[in-house]
Amino acid sequence: MRILALAGRRLVTSLPTLVVLLIGLFLLLQFAPGDTVDALMAQIGGGDPAAAVELRRFYGLDLSVSVRLGHYLARLATFDLGYSAIYGKPVAEVIAERLPATLLLMGSSLAFAFSIGLALGVFAARRVGEWPDTVLSTLGLVFYATPSFWFGLMGIVLFAVDLGWVPAGGLEDLGAGLTGFARVVDVAHHLVLPVATLALIFLATYLRIMRASMLEVMTLDFVRTARAKGLSETVVLTRHVLRNALLPMVTLIGLQTGTMLGGSVVVESVFALPGLGRLAYESVVQRDLNTLLGIVFVSALLVVAVNFLVDLLCARLDPRIAA
Amino acid sequence: MTEPLLSVRDLTVALPPGGDRRHALDAVSLDLRPGEIHCVVGESGSGKSMTATAIMGLLAPTLTVEGGRILFRGRDLREVDERGLRRIRGREIGMIFQEPMTALNPLHTIGDQIAEMFRAHTDLRASEIAGRVEKLLADVHIPDPKAAARAYPHELSGGQRQRAMIAMALALEPSVLIADEPTTALDVTTQAQILSLIRELQDRTGAAVLFITHDFGVVAEIADRVSVMQHGRVVEHGTAEAVLDRPKHPYTRALIAAVPSTVPPKRAARIAPGETLLEVEGAGKTYRTGSLFGRRKRVVRAVDDVTLTLERGRTLGIVGESGSGKSTLARMIVRLIDPDHGAVRIGDVDLASLSRRELREQSRRVQMVFQDPHASLNPRRRAGDLVAQGLVVHGMARAEALDRARRLFALVGLDPNGIDRFPHEFSGGQRQRIGLARALALEPSVLVADEPVSALDVSVQAQILELFERLKRELGLTMVFITHDLRVAAQICDRIAVMKNGRVVEVGDAAEVFAHPRHDYTRTLLAAVPGCHWTPDLGDAVTPFPVRREVYA
């Protein structure tokens with residue numbers, strides 16, 4: 001009941017966030033010189049101004065900014081993201097084609113970074129000050145400080161080109177026409193390097209947070225109480241330390257979703273993955289305003305949704321979060 | 001005499017190198033017999049809590065037991081392995097801690113945490129455990145045990161949390177209960193209830209209780225035997241009666257002499273009654289919580305229409321339990337909190353109606369001393385700067401202000417050369433002196449002191465109270481003194497205002513309020529003062545910790 005009430009309230013408060021974000025971005029893009037028609041004309045090698053005017057009228061680009069913003073928001077309310085002039089199909093369709101790759105990349109990276117970071121963090125905290133802790137902390141810092149594109153490129157050079165263990169790019173082997181389980185294995189094989197690249201940075205963060213959080217919780221009074229109750233070390237650790245130490249970790253997931261989306265632009269570019277990040281980059285270059293706005297809308301929706309889930313998870317874990 | 005159940009023999013624990021002394025515990029010996037309450041009393045750093053931790057085998061890894069034995073039922077716990085110790089902890093020796101809020105896991109229900117005892121030590125089925133938990137909660141007199149078992153720690157009051165903690169410690173009927181300052185974090189009326197609960201349960205189960213406290217009042221209330229600790233040594237032990245009424249060791253005598261009496265000293269009517277300096281009229285502050293989207297609204301009247309007056313040269317004590325609004329009132333008087341309505345007049349100026357700018361000019365009329373001497377001094381500024389800051393802000397040249405700071409240091413009993421030091425280089429009592437010097441720097445008409453001695457050990461407390469007394473005499477200070485400790489209030493205050501739920505329920509001369517309380521709540525408070533029927537009488541031979549020019553460590 002408490003969690004349901006919380007969920008309802010969070011849902012209501014996240015709607016204004018979305019609207020403000022969309023209006024802001026819409027206006028910002030108006031300041032960028034050139035529009036879709038300019039880009040189209042440039043692609044077909046120029047044309048006469050009359051045709052450009054005609055095209056602008058066709059796409060509704062001749063109207064005033066406020067009217068177009070109004071139209072845009074009105075359409076969004078019915079989940080109509082508009083039509084992409086560049087791709088020649090509805091934006092929703094364009095995004096739907098690209099979304100799975102990004103979700104797959106982000107989801108796997110997050111799961112990988114979170115679980116391994118958690119495990120290593122606990123391990124480091126248990127051996128604080130000893131050599132495994134020092135090694136892990138140093139490695140974590142190295143991963144954290146290295147740019148992900150460099151990791152990606154070096155990964156390709158070493159594991160794809162030199163060793164030939166994994167493919168250098170792409171989401172799957174398009175020519176093979178695999179189906180079912182074989183296709184899953186193929187996609188997984190393709191994703192090993194990109195996921196590792198994207199996850200390593202976040203893994204380092206999770207490791208450090210988990211280690212610090214564990215160390216802090218272990219000094220708290222209730223852990224001493226648990227020991228004084230005669231509980232075994234395993235029970236003390238899992239029931240009393242771990243759950244309390246997890247709270248900042250879970251909050252971090254919400255905070256990092258946005259950063260991870262940003263990171264996936266780089267990783268998708270390096271590994272030629274047909275994802276949302278690449279699409280965003282392409283639509284900026286092509287002045288494809290509708291697609292870009294659509295991507296921002298979907299990304300914002302994604303971040304808001306993840307944060308919403310994180311809030312619920314936190315409330316589930318921590319009874320002190322009041323409804 | 002019965003055999004001791006638990007016997008600590010010459011226990012010595014080494015501190016890590018670089019500490020202020022070599023041993024945290026130095027040949028500590030004490031015996032705990034069945035059915036008795038043995039109080040270990042001492043000031044902070046005396047090693048009393050560490051003795052308890054060492055018995056449980058839960059010392060921090062940086063501390064090592066160098067020697068001695070901890071005999072429990074004839075077995076040396078130092079030779080028992082970790083597995084064996086786990087079987088003893090909780091089942092044979094239960095423990096309760098000072099702060100029940102932090103000592104309970106915030107993420108598990110009370111019932112679940114008590115049930116853990118049974119799950120760890122017995123093979124009972126879940127349904128049986130649930131029944132046992134409920135019975136335990138009923139035994140410690142928690143209203144509605146079923147609901148309490150389902151509640152999370154933050155949903156209970158401080159007293160109920162401590163009751164739950166006691167229920168947990170007693171779940172498996174251990175023969176020894178170690179209580180480490182179990183009532184220190186509680187209000188005085190709650191403390192009285194918890195003390196009587198411990199007595200009651202101890203009577204019923206026949207357990208031996210090792211009770212650690214810094215408060216001689218509490219000792220007088222419940223102890224059968226007493227061990228007094230100082231610097232890691234037991235300096236005196238004996239029956240409660242012997243130690244309390246005929247203390248032999250000079251340290252014990254000084255400690256007992258430092259306990260403020262509940263009888264206000266006879267004061268000469270040295271001040272001609274008359275000129276009213278501070279006037280609080282109909283002041284109120286209400287807090288509302290609740291957000292835009294349907295959160296349950298709560299309205300708390302922190303201070304509810306309070307009217308008080310204070311004459312020049314006198315000290316008004318505001319006493320009450322936590323949540324009574326006494327600190328809010330203090331903050332309103334110096335206008336750290338803006339009152340919703342009402343007036344706070346000092347002389348002819350109404351502080352409550354001043355603009356921010358005017359207030360800055362008038363701020364020298366009233367200054368404040370805070371409770372926590374550790375948190376209330378900026379750690380990155382020199383002590384002298386902290387004292388001189390107010391003067392500089394009000395337009396005095398820095399050199400002159402520092403010179404004044406030096407004189408103020410001497411006035412409050414600090415070495416004037418200490419102005420170049422940083423706050424962390426001073427002890428708690430010295431820091432409180434700095435806080436006092438800072439407040440006095442602007443020569444305020446009224447000094448507001450919010451629990452200025454509550455964070456201090458009893459010996460230091462006695463010195464600071466003595467300092468307040470001297471300054472009252474020498475400077476003719478007019479003071480509002482906020483405290484939860486009625487003993488302290490009895491010693492320092494001329495008038496007493498008792499607050500409850502934001503209202504002043506009784507005001508009167510200190511002697512009158514203590515001797516003939518009119519309001520029921522005042523009577524309850526007075527009756528709850530631990531050891532209120534015990535008045536230490538050591539003759540005139542002992543001076544409690546004479547105020548001396550303190551030496552820097």
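How many residues does the contact take from chain B and from chain A? The contact takes 28 residues from chain B and 25 residues from chain A, where contact means heavy atoms within 4.5 Å.

This is a predicted model, in which local features need pLDDT of at least 70, side-chain atom pairs count only at pLDDT 80 or more, and totals for chains, interfaces and linings use all residues. Residues are numbered from 1 along each chain as its sequence is written, chains are lettered from A and ligands numbered from 1 in the order in which they are written, and side-chain values use heavy atoms, with hydrogens and water left out.

**View 1. Where chain B meets chain A.** Together the two chains bury about 2400 Å², 60% of it on carbon and sulfur atoms; buried area is the accessible area (1.4 Å probe) that two parts lose on being put together, summed over both. The rule finds three salt bridges across this interface, a salt bridge being a side-chain nitrogen of Lys or Arg within 4 Å of a carboxyl oxygen of Asp or Glu. Look for K229(A) and E116(B), which form a salt bridge with their closest N and O atoms 2.8 Å apart. On the chain B side, β6 (93-96), α3 (100-103), α4 (110-121) and α7 (158-169) each supply at least two of the residues that touch chain A. The largest share, seven residues, comes from α4(B). Helices (H or I, at least four residues) and strands (E, at least two) are DSSP runs, numbered from the N terminus.

**View 2. Chain A as a whole.** Chain A has 12 helices and two strands. Its C-alpha atoms fill a box of roughly 85 × 55 × 40 Å, taken along the principal axes.

**View 3. A four-stranded sheet in chain B.** The strands of this open sheet follow the order β2-β1-β4-β5 (chain B), with antiparallel pairing; two strands pair if DSSP finds at least two bridges between them. β2 (23-32) and β5 (75-76) of chain B stand at the edges with a single partner strand each, so one side of each has no neighbour in the sheet. Helix α1 (residues 48-56) of chain B packs on the sheet and touches β1, β2 and β4 of chain B, its direction making about 70° with that of β2(B). Axes are lines fitted to C-alpha atoms, for helices over the stretch in contact, and angles run from 0 to 180 degrees between N-to-C directions. Seven bridges join β1 (residues 6-14) to β4 (residues 64-72) of chain B, and V8(B) stands opposite I70(B) in β4(B).

**View 4. A hairpin in chain B.** Strands β9 (residues 225-230) and β10 (residues 233-239) of chain B pair in the antiparallel sense over six bridges. Q230(B) has R233(B) in β10(B) as its bridge partner. Two residues lie between the strands of this hairpin, and H231(B) in the turn has a positive phi of about 45°.

**View 5. A six-stranded sheet in chain B.** This open sheet has the order β16-β17-β18-β13-β19-β20 (chain B) and mixed pairing. β16 (366-369) and β20 (503-509) of chain B stand at the edges, each with a single partner strand, so one side of each is left without a neighbour in the sheet. β17 (residues 446-450) and β18 (residues 478-483) of chain B pair in the parallel sense over five bridges, and the bridge partner of L447(B) in β18(B) is M479(B). Finally, find helix α16 (residues 428-441) of chain B, which lies across β16 and β17 of chain B and runs at about 175° to β16(B).
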